Amino acid sequence: GATIGRNVAIGAGCYIGENVTIGDNTKILPNVVIMGEVTIGKECYVKSGVVIGQSGFGFEKDENGIPMHFPHLGKVIIGDYVYIGANTAIDRGTLESTIIGNHVKIDNLVHIAHNVVIGDYSYIIACTILGGGVRIGKNCWIAPNVSIKQQLCIGDNVLVGLGAVVLKDVDENTVVV
């Protein structure tokens with residue numbers, strides 16, 4: 001049931017779910033899992049060990065304080081010319097979509113939680129964690145080992161320095177370290 005474009009290469013040991021769409025000339029290396037409603041644009045490159053479309057870590061306590069996992073019904077939408085590094089996880093949205101813009105470059109070992117939106121031409125570097133609902137603007141550089149708290153907005157043209165822990169919104173055209 002998946003829709004696979006022209007000249008797509010899919011490596012050994014991959015799982016591509018029935019509601020997945022992969023654009024033309026995309027290359028997926030071995031041992032990648034893509035499931036749920038996922039759209040990947042054209043000319044993308046996905047390295048080994050990537051997992052796209054799993055539900056996120058979404059728990060709410062019931063009236064007795066028991067943690068209950070709530071369903072993630074959203075999608076993952078990945079633009080054109082996106083590079084996704086090895087062992088990166090991109091969670092599907094809860095009710096809305098997780099969206100990766102065009103020409104975004106994501107390094108190895110990055111976690112992108114549910115409902116995250118990353119603007120065009122942004123770079124997300126190794127070991128970064130983006131909490132649920134984070135919004136990253138266009139043309140941003142998120143350095144290695146950055147943690148961004150859920151529901152924050154990072155404006156356009158922002159540089160977040162090595163190892164930063166971001167706890168509040170960041171205005172456009174800003175450097176935070």
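## Salt bridges

At 51% relative accessibility, E96 counts as exposed, because the cut-off for that label is over 50%. This is a predicted model, and here E96 pairs with R135 in a salt bridge whose closest N and O atoms sit 3.9 Å apart. The two come from distant parts of the chain, 39 residues apart: E96 is in the loop between β14 (89-90) and β15 (98-100), while R135 belongs to strand β21 (residues 135-136). R135 is partly exposed, at 30%.

Searching the whole structure turns up three salt bridges. One of them joins D24 to R6, with 3.8 Å between the closest N and O atoms. D24 is in the loop between β4 (20-22) and β5 (27-28) and R6 in the loop between β1 (3-4) and β2 (9-10), so this pair ties together parts 18 residues apart in sequence. R6 is exposed at 61%, whereas D24 is partly exposed at 26%.

E37 and K75 also meet in a salt bridge, at 3.9 Å from N to O. E37 is partly exposed at 40%, and K75 is partly exposed at 37%.

## A nonpolar patch

Y123, W141, L159, V175 and V177 make a nonpolar surface patch of about 520 Å². Y123 is found in strand β19 (residues 123-124) and is partly exposed, with a relative accessible area of 36%.

## The largest pocket

The largest pocket holds about 190 Å³ of space. Among the lining residues are F57, F59, F70, H111, H114 and Q150, along with E60 and D91.

Notes
Residues are numbered from 1 along each chain as its sequence is written. This is a predicted model: local features need pLDDT of at least 70, side-chain atom pairs count only at pLDDT 80 or more; totals for chains, interfaces and linings use all residues. Side-chain values use heavy atoms; hydrogens and water are left out. Patches are made of residues with over 30% relative accessible area and no salt bridge: like charges are joined within 9 Å, nonpolar side chains (Val, Leu, Ile, Met, Phe, Trp, Tyr) within 5 Å. Accessible areas come from the Shrake-Rupley method with a 1.4 Å probe; for residues, only the protein chains shown count as cover. A salt bridge is a side-chain nitrogen of Lys or Arg within 4 Å of a carboxyl oxygen of Asp or Glu. Helices (H or I, at least four residues) and strands (E, at least two) are DSSP runs, numbered from the N terminus. Buried means under 20% relative accessible area, exposed over 50%, partly exposed in between (1.4 Å probe, protein chains only). On a 1 Å grid over the protein atoms alone, a cavity is a set of points where a 1.4 Å probe fits but cannot get out, and a pocket is an open set with protein on both sides within 12 Å along at least five of seven lines; lining residues have an atom within 4 Å of a point. Grid points are joined across faces, edges and corners, and a volume is the space filled by probe spheres set on the points.
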